[in-house]
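Reader: I would like a close look at a single part of this structure. Please take me through the sheet, strand by strand.

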Amino acid sequence: MADLLEVPAAPGTGVRATTRSTPGHLAIDLDVTELAVPIVRTIVRAHLKLWGLADLTDGTTFVVTELLTNVLRHVQPTPRTGMRNAQLTLTRLPGALSVCVRDFDPALPKPARANHEAEHGRGLPLVMAFADDFGCSPFKGGKDVWATFLISKNGTNGNPQAREAS
C-alpha cells in the first residue's frame with residue numbers, strides 16, 4: 001500500500017492536492033481544475049481496487065467526476081488563491097461506500113430536467129441513478145454533496161438502476 005500512496009504528482013500538471021489514506025478511507029484536499037479531475041479519478045480507481053471494490057469503479061468515478069465538475073462550474077474561486085477548493089472523501093463502511101465532496105459555496109445543487117437539446121443539466125439526475133442514496137448537507141459557509149453505494153456480500157453495487165445505466 002505504501003507504493004500507492006508515495007507516487008509523486010504528475011509533473012507539469014500544476015495540480016495541487018493533498019491526499020491522506022488509511023485502510024478504507026481516502027481524503028483529498030484539492031484545487032479543482034480541469035487537469036485535477038482525471039488525476040483524482042486515477043487515485044479513486046486505485047483505492048477501489050485496493051479495497052476490493054473494483055466493481056464499483058465505473059459508478060463511483062462517474063459520481064466523483066460529476067461532483068468535481070459541478071464545483072468547477074458553479075463554485076466561485078476564493079479571493080485569496082483564485083482557485084476553487086474542495087475536499088473529496090471516500091469511506092468504506094460496513095455494506096456501503098460513501099463518497100462526499102465538500103465545497104465552500106453555500107448554494108445548494110438543484111437537480112434539473114434537461115430537454116434533449118440542453119448541453120447541461122443531466123449530471124445530478126445521473127448521479128442519483130448511479131448511487132443508492134444521494135444528498136446535500138449544508139454547513140456554515142458551504143455544503144457536503146454526498147452519494148452512497150451499497151456493497152453486496154460479493155463486493156458489488158447492489159443498485160439495479162446503476163447496473164442498467166452503465
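Author: A27 stands opposite T89, a residue of β3. The model is a predicted one. The two strands concerned here, β2 and β3, are joined by seven bridges and pair in the antiparallel sense.

On to the next pairing. Strand β3 covers residues 85-93, strand β4 covers residues 96-103, and eight bridges link them, again in the antiparallel sense. Within this pair, L90 has V99 of β4 opposite. Another bridge joins L93 to its partner A96 in β4. The two strands form a hairpin with two residues between them. In this hairpin, G95 has a positive phi, near 80 degrees.

These pairings belong to a wider arrangement. Six strands make up an open sheet with antiparallel pairing, and their order is β1-β2-β3-β4-β6-β5. Its edges are β1, residues 17-22, and β5, residues 133-139, each of which pairs on one side only. On average, neighbouring strands of the sheet are turned by 15 degrees against each other, with direction ignored.

A word on side chains: in a regular strand they alternate between the two faces of the sheet.

One helix also needs mention. Helix α2, made of residues 36-50, lies across β1, β2, β3 and β4. The helix runs at about 175 degrees to β2, the strand of residues 25-31.

Note on methods. Residues are numbered from 1 along each chain as its sequence is written. This is a predicted model: local features need pLDDT of at least 70, side-chain atom pairs count only at pLDDT 80 or more; totals for chains, interfaces and linings use all residues. Side-chain values use heavy atoms; hydrogens and water are left out. Two strands pair if DSSP finds at least two bridges between them. Helices (H or I, at least four residues) and strands (E, at least two) are DSSP runs, numbered from the N terminus. Axes are lines fitted to C-alpha atoms, for helices over the stretch in contact, and angles run from 0 to 180 degrees between N-to-C directions. Contact means heavy atoms within 4.5 Å.
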